[in-house]
Amino acid sequence: MAHLAPSGKWDARYLGPVPHDASYYSKCMLGGALACGFTHAGITPLDVTKCNMQVNPAKYRGLSSGIKTLIAEEGSTGIWKGFGPTFIGYSLQGLFKYGLYEVFKDYYMNLAGEEASAKYKGAIWCAGSASAEFFADIALCPLEMTKVKIQTSPAGTFPVPMLAALREMSRLRVDTRYPFGSLVPLWSRQIPYTMAKFFFFEYIVGIFYSKVFTAPKDTYSKTTQLGVTFASGYLAGVVCAVVSHPADSIVSLMGKPANKGKSLGAIASETGIVTLATKGLGTRVLMIGTLTGFQWWIYDSFKTAMGMGTTGGK
């Protein structure tokens, strides 16, 4: 039987179309790197604008006007600031986020056993994604801090090229708290975000295959399966944006010179919870919904090309 290990015992690593061995997990890591690196880097203009709306809401009042202001003051290259650390940082994050999710999900399912893992699927999705994100954010943090500093510093006050910016962050580590000064707020933003991302993705995929496409999943074309992947990813991304936005605002505000040396609590108190939760949220919903949809589509397209099948809906 496909779900049995060679030993004859039930094993989560044998539930899919191919065994989840070292080769499988390595391919998932590569797929995750491709999914996150290219998508995050591709929406750098939205990210630059969103970060500046959070840091200076009086000047950057909306997405369209914010982009126009950035281009007027810094030229067309101004909206692409931070592209390098975004691409490298989120490639590393995606490698661990998706790859380790597969590892931890199988581990927790085997730990729980066949009956409990079926009964508490949601808890396993959340535990697996939270565990993966813990390590993914350690890889991301130095580059995320550098990206935010590049994007929110007034023109001419901080290096824009990635290597020069990394050196400057290191030189000013007392002030910038580089390389892991933003790790706790990053965890507070990314772990709930990733738990929501994976839980709602898996949940929505399950709904599609139980309520809409009710025949066995493998009877549908790859195009249909990848369409389900994208739709589920987009809807999950909208939830993610709302859940993680207050912490995302704090990460952006930490890069503001006026907040140098202030505690996270002080920044949050001065800004106000309503502003933290709402300023730039519309832009982030658009950004994260699209981003998450394409991330899952790229990831599952890569898995499909490798003969590993799409995620979820078993």
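In which helix is the place of Q93? The structure described here is a predicted model, in which local features need pLDDT of at least 70 and side-chain atom pairs count only at pLDDT 80 or more, whereas totals for chains, interfaces and linings use all residues. Residues are numbered from 1 along each chain as its sequence is written, and side-chain values use heavy atoms, with hydrogens and water left out. Q93 has its place in helix α4 (residues 83-112), where helices (H or I, at least four residues) and strands (E, at least two) are DSSP runs, numbered from the N terminus. With a relative accessible area of 1%, Q93 is buried, a term that stands for under 20% relative accessible area, with exposed meaning over 50% and partly exposed what lies in between (1.4 Å probe, protein chains only). When neighbours within four places in sequence are left aside, Q93 is in contact with E133, A136, D137, L140 and Q190, contact being defined as heavy atoms within 4.5 Å. Q93 and E133 are 40 residues apart along the chain, and their C-alpha atoms are separated by 7.9 Å.

The packing of the helices is considered next. Two packed helices are described by the angle between their axes and the distance between the axes. Here, axes are lines fitted to C-alpha atoms, for helices over the stretch in contact, and angles run from 0 to 180 degrees between N-to-C directions. The axes of helix α6 (residues 121-152) and helix α9 (residues 183-212) cross at roughly 140° and come within 8 Å. That angle makes α6 oblique to α9, given that angles under 35 degrees count as roughly parallel, over 145 as roughly antiparallel, 65 to 115 as roughly perpendicular and the rest as oblique. The crossing of α6 and α9 is right-handed; a crossing is right-handed if the near helix is turned clockwise from the far one by less than a right angle, and left-handed if anticlockwise. Residues of α6 that take part in this contact include W125, E133, D137, L140, C141 and E144, and those of α9 include L183, R189, Q190 and Y203. By class, the residues of the contact of α6 with α9 divide into 15 nonpolar, four polar and five charged, where Ala, Val, Leu, Ile, Met, Phe, Trp, Tyr, Cys and Pro count as nonpolar, Asp, Glu, Lys and Arg as charged, and the others, Gly among them, as polar.

Helix α9 also packs against helix α10 (residues 222-254), their axes coming within 8 Å and crossing at roughly 165°. That makes α9 roughly antiparallel to α10. The crossing of α9 and α10 is right-handed, and their contact has 22 nonpolar, six polar and three charged residues. A further pair is formed by helix α1 (residues 22-42) and α4, whose axes come within 6 Å and cross at roughly 145°. This crossing of α1 and α4 is right-handed, and the contact of α1 with α4 has 15 nonpolar, seven polar and three charged residues. In the loop between α8 (173-176) and α9 lies S182, which counts as buried at 6% relative accessibility. Not counting residues up to four places away in sequence, S182 touches C141, M145 and M254.

Side chains of opposite charge can pair when their charged atoms come close. A search of the whole structure finds twelve salt bridges, each being a side-chain nitrogen of Lys or Arg within 4 Å of a carboxyl oxygen of Asp or Glu. One of them joins D47 and K147, with the closest N and O atoms 2.5 Å apart. This pair links distant parts of the chain, D47 being in helix α2 (residues 44-55) and K147 in helix α6, 100 residues apart. D47 counts as buried at 8% relative accessibility, and K147 counts as buried at 2%. K147 also forms a salt bridge with E144, the closest N and O atoms being 3.8 Å apart. These two residues, K147 and E144, both lie in helix α6, three residues apart, which is about one turn of the helix, and E144 is buried, as is K147. A network of salt bridges links D47, K50, E144, K147 and R189.

Another salt bridge is formed by R13 with D11, whose closest N and O atoms are 2.7 Å apart. R13 is partly exposed, with a relative accessible area of 36%, whereas D11 counts as buried at 6% relative accessibility. T69, found in helix α3 (residues 63-74), is 56 residues from R13 in sequence and 52 Å from R13 in space, C-alpha to C-alpha. Leaving aside neighbours within four places in sequence, T69 is in contact with K59 and Y60.
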